[in-house]
Amino acid sequence: MNKPLIGAFFAALLLGAGITPAVAAESAQAQESATETAIETAPAVKAVTFAGTVALSNCSGSVVRSPDSQPTDPALVLSNGHCLETGFPGPGEVLVDRPSTRTFTLLNTSGTGVGTLKASKIAYGTMTDTDLSLYELTSTYEQIETSYGIKALELETAHPVAGTAITVASGYWKRTYSCDIDGFVHQLKEGRWTWKDSVRYTPECQTIGGTSGSPVIDDATGKVVAVNNTGNESGQECTDNNPCEVDENGEVTVREGINYAQQTYNMVPCIGTGNKIDLDREGCGLPKP
């Protein structure tokens with residue numbers, strides 16, 4: 001567990017050096033026109049920063065909100081279940097409303113710590129089907145924004161899509177990793193634990209220990225689509241730190257050096273009025289105790 005067109009334009013100019021100037025000029029104009037058109041039609045991309053991420057004692061995390069969270073609600077911090085101070089929850093174990101005094105270092109856009117946030121409780125935590133924890137803080141979103149000028153990251157409500165450009169933002173290391181969603185894993189097995197419908201990254205996201213709990217952010221929307229949690233370190237099959245993929249037919253695949261995350265859209269319906277976790281709400285996809 002842890003953790004373009006303009007270039008083509010210049011390449012075309014270099015390759016065109018051996019043809020007649022007239023053809024080269026036409027080619028350059030066509031490439032320039034295509035580049036301008038792509039820029040005009042490309043969706044606006046929100047710059048991903050460290051604002052709203054947090055550093056834990058051993059992991060990363062982020063201050064998050066659902067679309068229905070109110071400014072006066074106690075803020076929530078998202079991380080992994082295996083980052084809980086109580087230790088790894090066992091298979092089938094679900095923690096709800098456990099007292100906690102854990103602290104988190106809140107980061108600004110550049111990754112500088114600007115303040116300390118404190119938990120009042122572990123609102124939810126598990127490593128069954130998913131690997132996540134939600135802490136309820138003693139501060140509201142309004143208080144955090146007033147004190148530090150930082151807004152919470154919003155949770156996406158829909159299942160992510162393969163090919164989406166993403167950024168994993170680690171508050172622990174103050175480092176980002178950029179890649180795409182490569183696909184989804186029916187079952188991801190690691191040691192005693194099994195996770196469902198996990199996000200698999202393309203190889204560019206080489207996350208490491210300490211990046212566990214980092215928000216996985218959709219570059220186009222700026223919303224959190226998953227929480228970073230593991231990767232296959234040495235090519236072993238289904239062992240600790242070496243998760244394996246199991247498809248619908250039970251076939252096992254090992255992808256050494258590939259990293260993974262757990263989706264978060266299915267927990268949004270579990271966040272009720274006042275940011276209280278209600279596992280009986282319609283659409284809630286989190287395991288119950």
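**Disulfides of the predicted model**

Reader: Which handedness has the link of cysteine 179 and cysteine 205?

Author: This is a predicted model, in which local features need pLDDT of at least 70, side-chain atom pairs count only at pLDDT 80 or more, and totals for chains, interfaces and linings use all residues. Residues are numbered from 1 along each chain as its sequence is written, and side-chain values use heavy atoms, with hydrogens and water left out. The angle about the S-S bond is -95°, and the link of cysteine 179 and cysteine 205 is left-handed.

Reader: Where in the chain do cysteine 179 and cysteine 205 lie, and how many residues apart are they?

Author: Strands are DSSP runs of E with at least two residues, numbered from the N terminus. Cysteine 179 is in strand β10, whereas cysteine 205 is in the loop between β11 (193-201) and β12 (215-218); the pair links distant parts of the chain, 26 residues apart.

Reader: How many disulfides does a search of the whole structure find?

Author: A disulfide is defined as a pair of cysteine sulfur atoms within 2.5 Å. By way of example, the sulfur atoms of cysteine 238 and cysteine 244 are 1.9 Å apart. The search of the whole structure finds 4.

Reader: Is cysteine 238 buried or partly exposed?

Author: Buried means under 20% relative accessible area, exposed over 50%, and partly exposed in between (1.4 Å probe, protein chains only). Cysteine 238 has 21% relative accessibility, so cysteine 238 counts as partly exposed.

Conventions:
Helix = DSSP H or I, 4+ residues; strand = E, 2+ residues; numbered from the N terminus.
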